[in-house]
Amino acid sequence: MSAVGFKVMELAEESGRPVPPKAGATSENRTRVEAYNRRKLVVSLSGTVLLFAFVIAVVATGFSRNIASLTSSACNNQYLAFLVFAALLGITEIVLSFPLKFYSGFYLEHAYSLSSQTFFHWLWEQTKALLVGGFLGIPVLLVFFYCLEKFGNSWWLPVAVVMFIFTTLLARIAPKVIFPLFYKFTRLEKEELKERINRLCAEAGFHVKGVFSFNMSKNTKKANAGFTGLGKTKRVILGDTLLEKFSEDEIETVLAHELGHYRLGHIWKGILLSTVVMFVGLFITSRLYLVSLSLFGFERIDDLAAFPLLGLWLGLFGFLTSPIMNLISRRHEYEADQYAIKKSGNPSAFIDALKKLAEMNLADSAPNPVVEFLFHSHPSIEKRIKRAESERDKYAAVTS
Ligand SMILES: [Zn+2]
């Protein structure tokens, strides 16, 4: 799901990012979990550094100017030239970053027995994600180029407005149109479980038709659950890996966690926050872009060859603001955990579910605090369990 980059509220950190080991893990296990998460982190950071280096090299060496003049002379329409230019640079980046993607997404997942994919299956999933991303990217790029031509240095404002409408629309249609390209969704069937879920959903004011299971097991042995969509498309999705390995009590608490995100308005709060960040980010980016243009000897803001610089600033802004987004996200996760415990009335099952999740996902339960602060959208499992235990104690005090 993260492959296409949509905001999905999840129970655990999305794969590819380091996260939480089971309580009472052996030291051998602990070393294995730490090694896996460290490698994932190193690859992810190296990828970011290399990407920034690539952009600077492309502009500084004149490669970008060569490609720009080539596409401009080959295409008589400037919008088409812009798209071809973006595609050529995009393909170059994909080819150069392939070894890292393969190492992190395929090799490491197999080395730690977390993946159930063959190489070709993995490659196909990656290709699909690229195609969908490319397809969605075309209208965005065209609107962006239009705004740059039409509004000059004020381009950031109309672009931000259009991006807000586009992402909201996408969040709404993604569960029905995009996610099914990657997974098969089926309505949850187990009768007894369904009844319990019905009750939970009714209490949360959530339309029960929206609880689905999806075939996560075709790609991974990890487990996860999430909340997706907006308005009528909102739904809770549970990985089949989770449904298979978790008891009904545990599943109920997981579901309650997801409903907590809905009930506590995390979806709209998240959209609001990212909208503010986007407006501010695009404004700052537009100013920094102007400064960097003169630095590299460009005269026009719509010079094709200069666009990689804009990409660089946008990427840098995203990288620098993600700790703020993560801070809010971790707070929301705690709140949803608390909701889950209160609504299910079964803190022990929730704690067991968290432990199981960490074990299945090879998640680092106690990551380095700095790493956690900067990169984790979810609090460490150790912290989540600790809070859940104090909730359980409070609960026990009330009921006894
Ligand atoms: Zn969550």
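## A hairpin and its sheet

In this predicted model, strands β4 and β5 form a hairpin with 6 residues between the strands, and Gly229 takes a positive phi near 85° there. The two strands run antiparallel and are joined by 4 bridges. One of the contacts links Thr228 to Arg235, its bridge partner in β5.

Strand β4 also pairs with β1: these two are antiparallel as well, with 2 bridges between them. Here Glu10 has Gly226 of β4 as its bridge partner.

| Pair | Residues of the partner strand | Bridges | Sense |
|---|---|---|---|
| β4 with β1 | residues 9–10 | 2 bridges | antiparallel |
| β4 with β5 | residues 235–239 | 4 bridges | antiparallel |

Where do these strands sit in the sheet order? The sheet is open and has 5 strands, in the order β1-β4-β5-β3-β2, with mixed pairing. Its edge strands are β1 and β2 (185–187), each of which pairs on one side only.

Are the faces of β4 (residues 225–228) buried or exposed? Both are covered: Ala225 and Phe227 are buried on one side, and Gly226 and Thr228 are buried on the other.

Methods
Residues are numbered from 1 along each chain as its sequence is written. This is a predicted model: local features need pLDDT of at least 70, side-chain atom pairs count only at pLDDT 80 or more; totals for chains, interfaces and linings use all residues. A residue is buried if 20 or more other C-beta atoms lie within 10 Å of its own, exposed if 12 or fewer, and partly exposed in between; C-beta atoms are placed from the backbone. Two strands pair if DSSP finds at least two bridges between them.
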